[in-house]
Amino acid sequence: PDVNVRGDIHCLLVGDPACITGDSRVVLGNGAMVPIRELGESHLQPINIPLLVGKGYRRGLAKVFHVYENQPIIEVRTESGRTLKGTYNQPLLTIQTDGSGNVKYVWKRMDELKVGDRVRVAWWIPCTITSEVPLNWQYADRRLGPKRKAKLPKKLSPDVAALLGLWLNDSCIRKHKVVTTVAEPYLDLVPKIVGLVKKVFNVEAKVNMRVSKKGTRMAVVAVHDVDVAHNMLKLKDRMVPPEIFLSGNKVVSSFLSWVFEADGCCFCNGRGRTAIQLKRCVGGGQFLRDVQLLLTRFGIRSRINGNTLYIRQANSIEKFHKHVGFQSEKKRSALEKAVAYVKTRKKRRRESLFERIAEIRHLPPEVVYDVEVPGYGQFVANGFLVHNTAKSQLLRYVASVAPRGLYT
């Protein structure tokens, strides 16, 4: 009766890998966000990386890294614009209500999900990062020319992040210069930009005043420096630099503030017509989703509609005012007006932890990845609560039942 082992048993374990695509950003234990493919290098590689598990500050240790080739993909998009790509059997946490009104939480495979189902998302990502991320900026190669003037920063400070946020959207980057045009209503930004350039690079920015055909004034702020321009050329892809996702909240706040200053606005026209807006005209889908993910650092809820990101909920408008804000007096004034209005709204919508699925797409096969988080069995990826794999635990259990078996 004490024997539970049969040495001659034959076991065949068959299953598809439940994984997500390599570009899905998982949240480390300190709040940094990295693509899951960067957590390891090979299949079944032992790792020891803390991950947030979608329960406040609670962390779980990712122990094993998984890689699988050529797997069919499903993409899920929620009503707020969040997206996640994974295999057909990748479970997401859903909420369901039976006929009696009882609520239960169920893990459902992505191929079982339907438009209208509600999935668990993370609206707040705690961050404990305080140190500044090192920058690997290099001086431009040249044999002839004037002596180098710029001093390249070694770490990503809030001031460096401010210039990245500004130049990412509102600049003309060439091989030898970076040019920003400031329109007349926002000319108070010019001294700030000149001061940031001097503080970060120890270079004097040149300011030329011009008048448009319509008679409005504008300032052209130009940084004529090969080394500065050389390192800013990477911003021409108009994507959020990866170092921003590894930085603390002070750096992220500074970056977002100048991003919204460059391409954002705020308007207050009463109920249902008060919002903070960020518009991206070209290739803005992934950029807006990255900004949306960064906003969760501060508990700010946003929604993407086409090429525009909106912040409409009263609590989120107040949090944006507190943690991010604008830089110009005109936009600051508009934000103050919006905050004053939403504070008068006593009846506010209850903030849910679940979002409805708006679209499901079937995509070509890709390389997919996963990690094992024993104890919690879940982690956060692209703002979704994702169930992790447990394949190696299953194999260890079966090995205890049939220790003389062979497993592949």
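Which residue takes a positive phi in the hairpin of β18 and β19? I looked, and G306 does, with a phi near 65°. The hairpin has two residues between the strands.

**Entry 1: ground rules**

I am working on a predicted model, where local features need pLDDT of at least 70, side-chain atom pairs count only at pLDDT 80 or more, and totals for chains, interfaces and linings use all residues. Residues are numbered from 1 along each chain as its sequence is written, and side-chain values use heavy atoms, with hydrogens and water left out. Helices (H or I, at least four residues) and strands (E, at least two) are DSSP runs, numbered from the N terminus.

**Entry 2: the sheet**

I traced the strands next. Two strands pair if DSSP finds at least two bridges between them. Four strands form an open, antiparallel sheet in the order β16-β17-β19-β18. β16 (264–268) and β18 are the edges; each has a single partner strand, so one side of each lacks a neighbour in the sheet. On average, neighbouring strands are turned by 25° against each other, direction ignored.

I then checked the pairs. Strand β17 (residues 274–279) and β19 run antiparallel and are joined by four bridges. L278 has L309 of β19 as its bridge partner. I276 has I311 of β19. Strand β18 (residues 303–305) pairs with β19 over three bridges, also in the antiparallel sense. There, N305 is partnered by T308 of β19.

Are the faces of β19 buried or exposed? I used the cut-offs: buried is under 20% relative accessible area, exposed is over 50%, and partly exposed lies in between (1.4 Å probe, protein chains only). Both faces of β19 (residues 308–311) are covered. T308 and Y310 are buried on one side, L309 and I311 on the other.

**Entry 3: helices on the sheet**

I asked what lies across the strands. Contact here means heavy atoms within 4.5 Å. Axes are lines fitted to C-alpha atoms, for helices over the stretch in contact, and angles run from 0 to 180 degrees between N-to-C directions. Helix α5 lies across β16, β17 and β19, at about 90° to β17. Helix α7 lies across β17 and β19, at about 60° to β17.

I checked the length of α5 (residues 249–263). The expected span is 1.5 Å times one less than the number of residues. The 15 residues of α5 reach 21 Å from first C-alpha to last, close to the expected 21 Å. In α5, 12 of the 15 residues are buried, including F255, W258 and F260.

Helix α1 (residues 158–169) has 12 residues and should span 16 Å at 1.5 Å a residue; its end C-alpha atoms are 17 Å apart, which agrees. I found 10 of its 12 residues buried, among them L163, L166 and W167.

α1 packs against helix α2 (residues 189–201) at about 125°, with axes 9 Å apart. That makes the two oblique. For the cut-offs, angles under 35 degrees are roughly parallel, over 145 roughly antiparallel, 65 to 115 roughly perpendicular, and the rest oblique. The crossing is left-handed, meaning that the near helix is turned anticlockwise from the far one by less than a right angle; clockwise would be right-handed.

**Entry 4: α7 and α8**

Helix α7 (residues 314–323) packs on helix α8 (residues 329–342) at about 140°, axes 9 Å apart. They are therefore oblique to each other. Their crossing is left-handed. In the contact I noted I317 and F320 of α7, and L335 and V339 of α8, among others.
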